[in-house]
Amino acid sequence: MTLTSLSKSPNPKSPARRRGIALALTGAVLWGGSGVAGQYILQDCAFATEWLVGVRMLISGALLLLIDLAVYRQDIFAVFRGRRDRLETIAFAVFGMLGVQYTYFAAIKFSNAATGTILQYLMPVVIVGWTALRTRRRPPLGELACVALAVLGTFLLVTHGSLTSLAISPPALFWGLLCAFAAAFYTVQPKRLICKYRPTLIVGWGMLVGGLLFLPISKPWAFTGIWNTAAALNFAYIILFGTVIAFVCYLGSLQYIQPAETSILGSAEPLSSILLSIALLHITFTPADLLGAISILGAISILAAVILLTRK
């Protein structure tokens, strides 16, 4: 689950750059683990998707705002003082943060963590398409090739190469593709706010406001499911490691490396999700699944590398 910001890369061999790479990889791997933990409590412990998303956003948003206040010691309510900032923050909270969180875990509930994460990573393809429509210009040939590779990967992942049947359920495909669109909005829309303020503040408010507006549906006071030690540990991981620490690591990496580089390193998220799903949940992948995943991750990595090279 990536979010863009602005930064300048230091010397390629500097300790700061190595620190940025380590932070970005750590955040991506922790995000991948949160999907696996989410799959366990959604499928094995019968948690409601709405409850999990709502409570996660409320707790994580509050913790991120406390971290922001402790680190920066600035007015955390500044984003609500101007009408434009206030409206954009609410839009980000509802259509970006809440949108991507709910669709992501819904896709996992109907499939598995690896599939949901990989489908979410079609987000850059959506951004390329939206940019082409907005500017009324055809994307460069290299970007079109990446889009075609990603589409091929998606086809293999959801059909196993068959033209007559789906290898995953229609709800899983629906929520996974919708997650890619929500992630595209979540990545592009808050850019002005992040430049004006700071990432932890915008992400924190996005989660908290989204969680508050989702209260009538999430109903944190009406828990259903199996609450045991394993469920509690996985839930705690999602909140602390898969959300708060992951965001702090990822956003911290932007002080040392360029956002396009974090996009390349972000491929560690679906990769870690695949490996953890195999190791911990005993999920099996067919050769078509693996080829589809490689095609999508390759397309996104190449696309991010192209962006990186054009910015230098």
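Colleague: Let's start at the end of α13: which residue with a positive phi follows it?

Modeller: That's His282, with a phi near 55 degrees. Keep in mind that this is a predicted model.

Colleague: How do you know that the length of α1 agrees with what a helix should span?

Modeller: Just do the check. Helix α1 runs over residues 15-44, which is 30 residues, and at 1.5 Å a residue they should span 44 Å. The end C-alpha atoms are 43 Å apart, so the two values agree.

Colleague: And what makes the reach of α13 close to the expected one?

Modeller: Helix α13 covers residues 268-280, 13 residues in total. From its first C-alpha to its last it reaches 17 Å, close to the 18 Å expected. Its buried residues include Ala268, Ile274 and Ser277.

Colleague: Over to the rings. Why is the pair of Phe47 and Phe223 called edge-to-face?

Modeller: The structure holds 18 aromatic pairs, and this is one of them. The ring centres are 4.9 Å apart, and a pair needs them within 6.5 Å.

Colleague: Is Phe47 buried or exposed, and how do you know?

Modeller: Its relative accessible area is 1%, and buried means under 20%, so Phe47 is buried. Phe223 comes out at 32%; that falls between 20% and 50%, so Phe223 is partly exposed.

Colleague: What kind of pair do Tyr104 and Phe105 make, and why?

Modeller: Their centres are 5.2 Å apart and their planes are at 65 degrees, so this pair is edge-to-face. Tyr104 has 0% relative accessibility and counts as buried. Phe105, at 0%, counts as buried as well.

Colleague: Last one: why is Phe174 called partly exposed?

Modeller: Its relative accessible area is 48%. Exposed would need over 50%, and buried under 20%, so Phe174 is in between. Phe174 sits in helix α7, and together with Leu178 and Phe181 makes a nonpolar surface patch of about 310 Å².

Key:
Residues are numbered from 1 along each chain as its sequence is written. This is a predicted model: local features need pLDDT of at least 70, side-chain atom pairs count only at pLDDT 80 or more; totals for chains, interfaces and linings use all residues. Side-chain values use heavy atoms; hydrogens and water are left out. Helices (H or I, at least four residues) and strands (E, at least two) are DSSP runs, numbered from the N terminus. The expected span of a helix is 1.5 Å times one less than its number of residues. Patches are made of residues with over 30% relative accessible area and no salt bridge: like charges are joined within 9 Å, nonpolar side chains (Val, Leu, Ile, Met, Phe, Trp, Tyr) within 5 Å. Accessible areas come from the Shrake-Rupley method with a 1.4 Å probe; for residues, only the protein chains shown count as cover. A salt bridge is a side-chain nitrogen of Lys or Arg within 4 Å of a carboxyl oxygen of Asp or Glu. Buried means under 20% relative accessible area, exposed over 50%, partly exposed in between (1.4 Å probe, protein chains only). Rings of Phe, Tyr and Trp (its six-membered ring) pair if their centres lie within 6.5 Å; planes under 30 degrees apart count as stacked, over 60 as edge-to-face and the rest as tilted.
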